Amino acid sequence: MVSPPLAAAKVFTYQFGSFVSIIYMAIRVSTANLSPITDCDEVFNYWEPLHFILYGSGMQTWEYAPQYALRTYAYLLPMAGLAKCLQFILNILPTSLLRQLPNLLLLHSTTTQEEMSLPNDVMDDKPLLFALLRSCLALISCYSELSFLNSIHDTISPTLAHWTALCSFTAAGNFHAGQAYLPSSSVMILWRLSAANQLRGFDGYAIFWGLVSVLAVGWPFCAVLFVSTGLWSLWKACCLGGKNNNSMMRFRSMAHVLIRTALHALIIQALVMMIDYYYYGRIVSPIWNIFVYNATAGGDELYGVEPLSYYVKNLLLNFNFVALLGIISLPVVLGRKLLVRSFPQFGGDHYSGASDGLKILMLIPMYIWMAIVFPRPHKEERFLFPIYPILCFGASIALEEIVMFPVQLLLPKSSSQSANKFRLRLGILLLSPFAVVSISRAFAMHHNYSAPLDLYRHFYYHHVSIDMTTTRQNNEVTYICTAGEWYRFPSSFFLPPNMPLGFLKSSFAGQLPQPFTEFGSKKESLKIQKGAFNDVNKEEIDRYVDFRQCSYLVELVPSQDSSDKEESPECLQYMKSDPRGVWSQVASYKYLDATSTEAVHRVVYVPFRRDGKVRYKGYKLFSRNENEN
């Protein structure tokens, strides 16, 4: 029979299958689809090519053009395999269960059964597949999160693990990074798996996950996150493999690490190049191409430059004071070690050289990453994703150092068990304001910016089923068009066949994607593709469709009492100048009017005193009704 203390200890661990892990995963998966898509790169560089692999259509960016080949299809293929498995499962599920899945995944009722009764021979339920894929991404991310937390719990400190879990679980940054289909999110997941193995001493697995991150994800810059992993493994092989000062043993141990790493790298790279050879039709290395593009010509600067304050604001919005604690964690640890060396009475029984070494090992990649990424002129929020786990862990370490002194002052003669309980509760109390603000921030993101996903889902279920059969019978392509709102398009998973996205000329003067041809990224596509690609973000006029081909329009429309004094939205101007039809509004969703809303309501969700302080624009869908005259 298990004693109550041991049973409680088992429940409050992060092992896969424990009560805590089940609740953790359930919440992560169920909230995955509440997060808006915050980066158009996620849509056009990953969801769209995935849609092409699955359905043969989608938008192609210049990075996938055969003459540039900056993106690897190896990153897309596992997701495509997962999608095929999910499609098979959906096809054998009873209809009654299928009708409930969207409500479970979105945590609110979306459509009635009658409204979702699309003919099975017309189309698959692509929005449902999209939601399931995002939930699967959240599940994978959550698994890596739990692995990291469990390793901290078992190798460093249960208290640190609980604090890290609180920071990570409630952080607004993880709310939209966990299920994002982006290389930076995948690197975040793989770093957690690597760190979890390294903490347990499984250096081979730690290096393996680092190699997968560098070679298979298509983002070679992340290699700097794993430099300390490799050096630590070599140091252990050298020092621990040569306890008897036998230089030959040291050499053999280090050689074993290097040969094993090289072998794994060759296997991974060979598989990646085989996949890319299939999709590009030639031997190519996208990770080399993207590295050269970004390192030599400063190509990423073509897509905007930001000051350093951009990252500071993002970290404060997504992690508030936890970001500050995380960033100062390494100096705090090193400062305490110097203090203890001079004044041993400040040491404490819970500190050890071994645990300090593991802490420093986990923190170093964050500072390397910040030293490289922060000075770069082109800045994106997603570039911070890989260090999110380290920020949470670092904040817990800094908090441990902060609460050490009050514990020693208030409980100088207490047992270590009593002191640890007090420390844990004090830390949770101090982190509680962060948790409340972060959850409020995450809810504000969902409440204020989910309109694009809601509108395109509405379009798919409610309106397309009405005219879909006619469109297919005539084999006629009609467009759902947008002008300046192209970058909020959530992907072709929300569009039926023969109803692609169309771009209308707008104030945006950069390069837009164009539809994939049947040849995808092979050179044969260049012969039949209507438009050209360039690598300098130069506008290509051939990307725009004739307004007369548009059956639907999507536009963000200011409210009548908005303080936004800009000219009328571009799609409204197109509709006013249309002599062929009368346009009617068929759907509208609230989208925060940031310029007219007070700052506190933009940052977090405050459920009271909102009247007159929170204003919304309308994210609207319009349809064309042809004139009979």
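Q: Why is C142 called buried in this predicted model?
A: The relative accessibility of C142 is 0%. Buried means under 20% relative accessible area, so C142 counts as buried.

Q: What makes C40 partly exposed?
A: C40 has a relative accessible area of 24%.

Q: Why is the pair of C481 and C550 called a disulfide?
A: The S to S distance between C481 and C550 is 2.0 Å. A disulfide requires a pair of cysteine sulfur atoms within 2.5 Å, so the pair qualifies as a disulfide. A search of the whole structure finds 1 disulfide. In general, such a link is a covalent bond between the sulfur atoms of two cysteines.

Q: What does the link of C481 and C550 tie together?
A: C481 lies in strand β2 (residues 479–482) and C550 in strand β5 (residues 550–557), so the pair ties together parts that are 69 residues apart in sequence. Both C481 and C550 are buried.

Q: What is the handedness of the link of C481 and C550?
A: The link of C481 and C550 is left-handed, with -90 degrees about the S-S bond.

Q: Why is S141 called buried, and which residues does S141 touch?
A: S141 has 3% relative accessibility. Buried means under 20%, so S141 counts as buried. S141 lies in helix α6 (residues 126–155). Leaving aside residues up to four places away in sequence, S141 touches G178, M188, I189 and R192. Contact here means heavy atoms within 4.5 Å.

Q: How do you know whether S151 is buried or exposed?
A: The relative accessible area of S151 is 1%. The limit for buried is under 20%, so S151 is buried. S151 is also found in helix α6. Residues up to four places away in sequence not being counted, S151 touches I156, A196, L199 and R200.

Q: What makes L316 partly exposed?
A: L316 has 39% relative accessibility. Partly exposed lies between the buried limit of under 20% and the exposed limit of over 50%, so L316 counts as partly exposed. L316 is found in helix α14 (residues 309–327).

Q: Which residues form a nonpolar patch on the surface with L316?
A: L308, V312, F321 and L324 form the patch with L316. Together these five residues, L308, V312, L316, F321 and L324, have about 420 Å² of accessible area.

How values were computed: Residues numbered from 1 in each chain as written. Predicted model: local features only at pLDDT ≥ 70, side-chain atom pairs only at ≥ 80, totals over all residues. Heavy atoms only, no water. Helix = DSSP H or I, 4+ residues; strand = E, 2+ residues; numbered from the N terminus. Buried < 20%, exposed > 50% of the residue type's maximum accessible area, 1.4 Å probe, protein only. Patch = residues over 30% accessible without salt bridge, like charges linked within 9 Å, V, L, I, M, F, W, Y side chains within 5 Å. Areas by Shrake-Rupley, 256 points an atom, 1.4 Å probe, with all protein chains shown as cover. Salt bridge = Lys/Arg side-chain N within 4 Å of Asp/Glu carboxyl O.
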